[in-house]
Amino acid sequence: MTNHVHQPAFMTGDEFSIDTFSLLDAEGELYSGASEPALERDHARRLYQAMLATRILDERMMAAQRQGRLSFYMQCVGEEAAVIGAAAALDDADMIMAQYREQGALMYRGFSIDEFMNQLFGNELDYGKGRQMPVHYGSRKLHYMTISSPLATQIPQATGYAYGQKLAGDGLCTLTFFGEGAASEGDFHAALNMASVHKVPVIFFCRNNGYAISTPAVEQFAADGIAPRAFGYHMHVIRVDGNDVLAVFEATRQARKIAVEQNQPVLIEAMTYRLAAHSSSDDPSGYRLKSEEETWRLKDPVLRMQKWLLKKGWWSEEEETREQETRRQEVLDTMKRAEKRTAPPLESLVSDVYADVTPELQRQFDQLKKHIRRYPEAYPRGARSLDLDVDTANDAQGDA
């Protein structure tokens, strides 16, 4: 029903205020008046172990990149509660469409360290056959759509996939992760509008970590974050403390209920902070102060969850030490195996693009093989795939 007024009255949105849902403080204590979510002991431990394993994987692989063993890496440090807390609230058959900092969701669902390493090194066991950059994971069996480099493409894709889930009627939903920077892309607005109009079971999960690479949130948008945008699409919305894994879990659990039972989209804005650099190619000291980072380290989501588990008697210091040592050794051992594995066969570049290799693709592939045979020392992995080594270089050049 529309109310009529007879004098012009403009609004800016300041009339509305969106609170932040939180349950745990930085010391792992429940706030007064807060209630713990229905999270059983084994479920809580699984969640925390995924957070810890993700932190250890990130630390080790960033070091590997600095050593020149890996070309590129992106960390989830500081955002583990937002990512893993959301994944833990889903059905394992729900689809996850990630951006590029949500390896924790895969870790929670059971992606092995071997599988992570195979993708990072692009070896013969990599599901993507070495065609993607590192950290562009994907797993059909774990319902985790392969990551794309272009920003925000996964958001409208999530709406479309969720529409298919609605038609299938299997009681499943799609959750798509993205940063507040990606919410500036047109894909974000198109996706939310389509989802609201067609009433599909999708959860739009925004990790508002304060920075779009080097651009702070204050320079990205004038309004109060991302959450108020939901009003323009008549969509359910909640803002949550993204460093509070219990709050993220409960917010996502209830959002999933709305999505699946009512076929309604939901927007979640998780307020968190990227403690690490944007990527291995970034230096955050050029655009933010160390004091700012230290303030957020006091809100570390992994430590907050650990303290809560310790207080409940669901975790111990001995288990913490043992888990860290075991995971670190596993990461190191698995990395050594993965980087020694051979590259995917050269033929895999063209073998499954079409049902049959087209004449044009075959011509290009033949040119590639000729080039590698001529310069095997410049393409050692490709040369090995062709059973060549540097010793054959002169013969190859003589035949060219």
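**Legends to close-up views of rings, charges and contacts**

At 43% relative accessibility, Phe231 counts as partly exposed (buried is under 20% relative accessible area, exposed over 50% and partly exposed in between, with a 1.4 Å probe and protein chains only). The model shown is predicted, so that local features need pLDDT of at least 70 and side-chain atom pairs pLDDT 80 or more, whereas totals for chains, interfaces and linings use all residues. Residues are numbered from 1 along each chain as its sequence is written, and side-chain values use heavy atoms, without hydrogens and water.

**View A. Aromatic pairs across the chain.** The whole structure contains 12 aromatic pairs (rings of Phe, Tyr and the six-membered ring of Trp with centres within 6.5 Å; stacked if the planes are under 30 degrees apart, edge-to-face if over 60, tilted for the rest). In one of them, Phe16 and Phe231 are tilted, at 5.7 Å centre to centre with 50° between the planes. Phe16 belongs to the segment before β1 (20-21) and Phe231 to the loop between β7 (215-216) and β8 (236-241), 215 residues apart. Tyr273 and Trp296 form a stacked pair, because their planes are at 5° and their centres 5.0 Å apart. This pair joins the loop between β9 (266-271) and α8 (290-297), which holds Tyr273, to helix α8, which holds Trp296, 23 residues apart. Helices (H or I, at least four residues) and strands (E, at least two) are DSSP runs numbered from the N terminus. Tyr273 is buried, at 3% relative accessible area, while Trp296 is partly exposed at 22%. Elsewhere, ring pairs connect Phe111, Phe116, Tyr127 and Tyr137 into a cluster.

**View B. Charges over rings.** The charged end of Lys299 sits over the ring of Trp296, 4.2 Å from its centre (NZ of Lys or CZ of Arg within 6 Å of the ring centre and within 35 degrees of the ring normal). Arg288 lies over the face of Tyr211, at 5.6 Å from the ring centre.

**View C. Salt bridges.** Side chains of opposite charge can pair when their charged atoms come close. The structure holds 31 salt bridges (a side-chain nitrogen of Lys or Arg within 4 Å of a carboxyl oxygen of Asp or Glu). One of them joins Glu36 and Lys312 at 3.1 Å, N to O. Glu36 lies in the loop between β1 and α1 (41-66) and Lys312 in helix α9 (residues 301-312), so the pair ties together parts 276 residues apart in sequence. Glu36 is partly exposed at 35%, as is Lys312 at 30%. Arg328 and Glu59 meet in a salt bridge of 3.9 Å, N to O. Here Arg328 in helix α10 is linked to Glu59 in helix α1, 269 residues apart. A further salt bridge pairs Arg274 with Asp282 (3.9 Å, N to O); Arg274 counts as buried at 1% relative accessibility, and Asp282 counts as buried at 16%. Shared partners join Glu79, Arg101, Glu102 and Arg207 into one network of salt bridges.

**View D. A buried histidine.** His136 is placed in the loop between α4 (113-121) and β3 (144-145). Its relative accessible area is 5%, so His136 is buried. The side chain of His136 makes a polar contact with the side chain of Ser149 at 2.6 Å (a pair of N or O atoms within 3.5 Å; within protein, one must be able to donate a hydrogen and the other to accept it, and residues adjacent in sequence count only if both atoms are side-chain atoms).
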